[in-house]
Amino acid sequence: MTQPLKVKLESMLEVVYPELDCDFLAEQLLATMGLEPNQEPPPAHQNHWDESDVVLITYADTVQRADEKPLVTLHRFLQDCLADTVSSVHILPFFPYSSDDGFSVMDYLAVNESHGAWEDIERIAGDYKLMADLVINHMSARSRWFENFRKRVEPGKDYFFEGNPRDDLSAVVRPRTSPLLNAVQTDDGERYVWCTFSEDQVDLNFANPMVLIEFAAIIRYYLERGIILFRLDAVAFLWKEPGTPCIHLQQTHELIKILRLLIEHHSPNAVVITETNVPNRENLTYFGNANEAHVIYNFSLPPLLINTLVTGDCKHLKTWLMSMPPAQMGTTYLNFIASHDGVGMRPTDGLLSDEEKQRLINTMESFGGKVSFRRTPDGRDQPYEINIALYDALQGTAESGRDHWQLPRFLCAHTIMLALEGIPAFYIHSLLATENDLARVEHTGRLRSINRSQWQLDDLEEKLGDPLSHHGKAFAELKRLIAIRRKQPAFHPNATQFTLHLGLKLFGFWRQSMRRDQSIFCIHNISDQLQEVALSDINLIGTDHWQDLISGLKIDDLSGSVTLKPYQSVWLSNRDVTN
């Protein structure tokens, strides 16, 4: 009997573990996942998404209510306020943790008791496509595995990557300024553990195949709880070899292929998403040949889009968009402007000059933002990310400072994101137009806390229900724009996209549905001045009837023009499917 799955898995494992018995290892992995060696693969190049897909990103406890577990409150908020708005929910790490707001996991198989229980997770998964983090690069120094590492017993004895201070580690790419190696006392002496992110986040050792088997068991457990979207956190750093940059190594890419193979054979509708906050060209490699990530985070979009709107110049955003390859069927981009982390600066490498980066940083600092740094191989500290709430990041321009266009500028940013090729994702504090939380930064001592506020549900509902508050205005308009977007075939994540050339003050692109029966010309005034759009410049087909899906304006004279107010957007479509 042929065994196509086992044969394919074994060939992948041989790349990572050439010295091991990969036949036996393949059998162990398949048994752990509950898969048969002769199982047929799911259809290739399947899109597990369409134009109706919109993701909400949130912590389990961002929305709270007295005497109620936060996961229960979150589900209530989703059902009451967002049931017709989002299709997927990414709940950031909801496991017991010791630091980094969840990304220092102590137990992968437990729900943090202060958040709720697995039953609460399963209820949300019953109503939404649920995304969870596979925090796969590192684990808490207070975890049971690491305690076993110290005691030199299993499971955990060889689960963490060890380094040698005498090794040449000068080429290692760092996202932080903290020490890479940390000395720990174990029952057989001092050892140095590798800590890419912090002393409390100890890197796992995937050179030990037992770690891979453990994660296969974790993945299966998540799938059985209803999780179908897997965000591979910090996966670029997974494999380490002293003397190399220890990022994007071949074994890392092969391990992603292995995890995807196991996941999609267990659940053909499951999706693997890679989180790699790196320069654009490096980020694109995680598509592989449509056999690694189904979806990659579009990390260059947030800094470029913010830069565009505070400078009133779309040159770099347009250049980047023209360089982006259309994603193959079965793969796509995850578009976002803000997240629980800061606005990454590494994804601007090769896209913005050092002077432009510094001007953006200076502007964000003038709007209350903070800057986190990383250490380069030559020992210098460079800006790694800007920590700021998106609503405050767009409160003015680099040239003039704060102005009265904050809300229109904020809405323009999201209108652009909603129309781009890919799946749109809203960090909850962007959807709510939450401002900088400087008090939380002071309380925690962590710069990322500026954009990790927590809302009491009653207060939040009062703000969202107030048509005069900026929270209410932003929330209502974003929901309206999302509702329009979700009905347009031309906004399918894989629909055709071409960049328009309309000068530096107008950012535009054309989307066409996969059946070619709908076109939408998406044009955005990214400046604080009125702009005229000559309709002859965008070549609207004269035999079609054109209408702006956002305002309802009908275009009767194709030889005329449209005037856009500061930060106004139009979605000119030859087909209205909003009703």
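Visitor: What makes two strands count as paired here?

Guide: Two strands pair if DSSP finds at least two bridges between them, where strands (E, at least two residues) and helices (H or I, at least four residues) are DSSP runs numbered from the N terminus. The model is a predicted one, in which local features need pLDDT of at least 70, side-chain atom pairs count only at pLDDT 80 or more, and totals for chains, interfaces and linings use all residues. Residues are numbered from 1 along each chain as its sequence is written, and side-chain values use heavy atoms, with hydrogens and water left out.

Visitor: How do you know that β1 pairs with β3?

Guide: Four bridges join β1 (residues 55-58) to β3 (residues 88-91), and the definition asks for at least two, so the two strands, which run parallel, are paired. Within this pairing, I57 stands opposite H90 in β3.

Visitor: In what order do the eight strands close into a barrel?

Guide: The order is β1-β3-β4-β9-β10-β11-β12-β18, with parallel pairing, and the twist averages 25° from one strand to the next.

Visitor: Why are α3 and α16 called roughly parallel?

Guide: Helix α3 (residues 70-82) and helix α16 (residues 457-464) pack at about 20°, angles being taken from 0 to 180 degrees between the N-to-C directions of axes fitted to C-alpha atoms, for helices over the stretch in contact. Angles under 35 degrees count as roughly parallel, over 145 as roughly antiparallel, 65 to 115 as roughly perpendicular and the rest as oblique, and α3 and α16 are therefore roughly parallel to each other.

Visitor: Which residues of α3 and α16 meet?

Guide: T73, R76 and F77 in α3 meet L457, L460 and L464 in α16, contact meaning heavy atoms within 4.5 Å.
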